[in-house]
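Let's take a walk through a protein chain together. Have a look at the structure first, and then read on.

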Amino acid sequence: MARRRKISNAIVYLILIVMSIIWLFPFVGLVLQSFRGEYGGMVNYLVPKQWSLANYQFLFGSGSNFPRWYTNTLIISIAVAVLQTVIVICVSYALSRMRFKGRKALMNIWLVLGMFPGFLTMICLYYLLKQLGLTEAGAVPGLILISVASSGMGYYVCKGYFDTIPKSLDEAAIIDGATRAQILWKMIIPLSKPIIIYTALVAFMGPWCDYIFASYVAFGNEKGYNVAVAMTRWVWTNDYQGYFTRFCAGGILVAIPVTILFMCLQKYYVEGVTGGAVKG
């Protein structure tokens, strides 16, 4: 039995190692190409023949707007993560703990509306933002507004996590004279760190990786670009052969914050997903 167990474990580890190599290969190639010094687009070799930091120097040089685009993306993502997390927590707590007329109908309506893709409203949202001056150069606050406006509809996982916390804690706090707000901020939130971190990470990732709606709102104005839109325009409208390695360098810098966040908060992320899936 011990020998059979060792053989089965060895096979499992071998499969996992092969899967890890296949999964990491594109990322390794991206890193290596970002340090390639020779001119040209995609090449038939992986390791650069000439190593250079010129691609990263170009990103932060005087002729590049990459720092502005990166800052735009960071501002949008952080603002959306904070505001959306607060709204989702408040809506989820209200739906989990309070009973009021129309509660089930509201939840069902939000559930049905969530089944429709957001792209159906792109034209309407664009003209609405245009009337408010939140397109092109003002795309950053416009993207924040759109991302936060419907965030309450994403209550499902967070509400499921709140349902797992005993309501007897709320009842005991009410007997002691605590208000609903005090119960939420002093009792529920300290017990809900995993789901809060999960909600914040999901909210951060949305605008960080957004391309379609961000390009639609910015509409060719470089001041309103985020990194995804700007780097795509590099490849489409400029010298592809010269910008390919710069595109790879920009991709590495975009991946760094997300990688650090997931490595530091992976434990809470998994706990938030599994905890929120216990109840509906």
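We'll start with the whole chain and then move on to the details.

Before that, a word on where the picture comes from: this is a predicted model, in which local features need pLDDT of at least 70 and side-chain atom pairs count only at pLDDT 80 or more, while totals for chains, interfaces and linings use all residues. Residues are numbered from 1 along each chain as its sequence is written, and side-chain values use heavy atoms, with hydrogens and water left out.

So, what is the chain built from? You'll find 13 helices and 0 strands, where helices (H or I, at least four residues) and strands (E, at least two) are DSSP runs numbered from the N terminus. As for overall shape, the C-alpha atoms fill a box of roughly 70 × 70 × 30 Å along the principal axes. The radius of gyration is 24 Å, whereas a compact globule of 280 residues would have one near 19 Å. That radius is taken over C-alpha atoms, and the globule rule is 2.2 Å times the number of residues to the power 0.38.

How much of the chain is tucked away? Buried residues make up 38% of the 280 residues. Here buried means under 20% relative accessible area, exposed means over 50%, and partly exposed is in between (1.4 Å probe, protein chains only).

Now for the inside. The largest nonpolar core has 36 residues, and among those with the most contacts inside it are Leu-59, Phe-66, Trp-69 and Trp-234. A nonpolar core is a set of buried Ala, Val, Leu, Ile, Met, Phe, Trp, Tyr and Cys residues joined through side-chain atoms within 4.5 Å. Helices giving two or more residues to this core include α3 (66–97), α6 (139–149) and α12 (227–237). Apart from it lies another core, of 15 residues, including Val-88, Tyr-161, Ile-183 and Tyr-198.

Zoom in on Trp-69. Leaving aside its neighbours within four places in sequence, Trp-69 is in contact with Glu-222, Tyr-225, Asn-226, Val-227, Ala-230 and Trp-234. Helix α6 is worth a look too: its buried residues are Ala-139, Val-140, Gly-142, Leu-143, Ile-144, Ile-146 and Val-148. Their cover includes α3, α5 and α11.

Next come the charged pairs. The structure holds 2 salt bridges, each a side-chain nitrogen of Lys or Arg within 4 Å of a carboxyl oxygen of Asp or Glu. In one, Asp-170 pairs with Arg-97, with the closest N and O atoms 2.9 Å apart. This pair links distant parts of the chain, since Asp-170 sits in helix α8 (residues 167–175) and Arg-97 in helix α3, 73 residues apart. Both Asp-170 and Arg-97 are buried.

Another salt bridge joins Lys-159 and Asp-163, again with 2.9 Å between the closest N and O atoms. Both lie in helix α7 (residues 156–163), 4 residues apart, about one turn of the helix. An α-helix has 3.6 residues a turn, so residues three or four places apart point the same way. Lys-159 counts as buried because its relative accessibility is 4%, and Asp-163 counts as buried at 16%.

Let's finish with Gln-131, in helix α5. Is Gln-131 buried or exposed? Its relative accessibility is 67%, so Gln-131 counts as exposed. Gln-131 and Ser-192 are 61 residues apart in sequence and 40 Å apart in space, C-alpha to C-alpha.

How values were computed:
Contact means heavy atoms within 4.5 Å.
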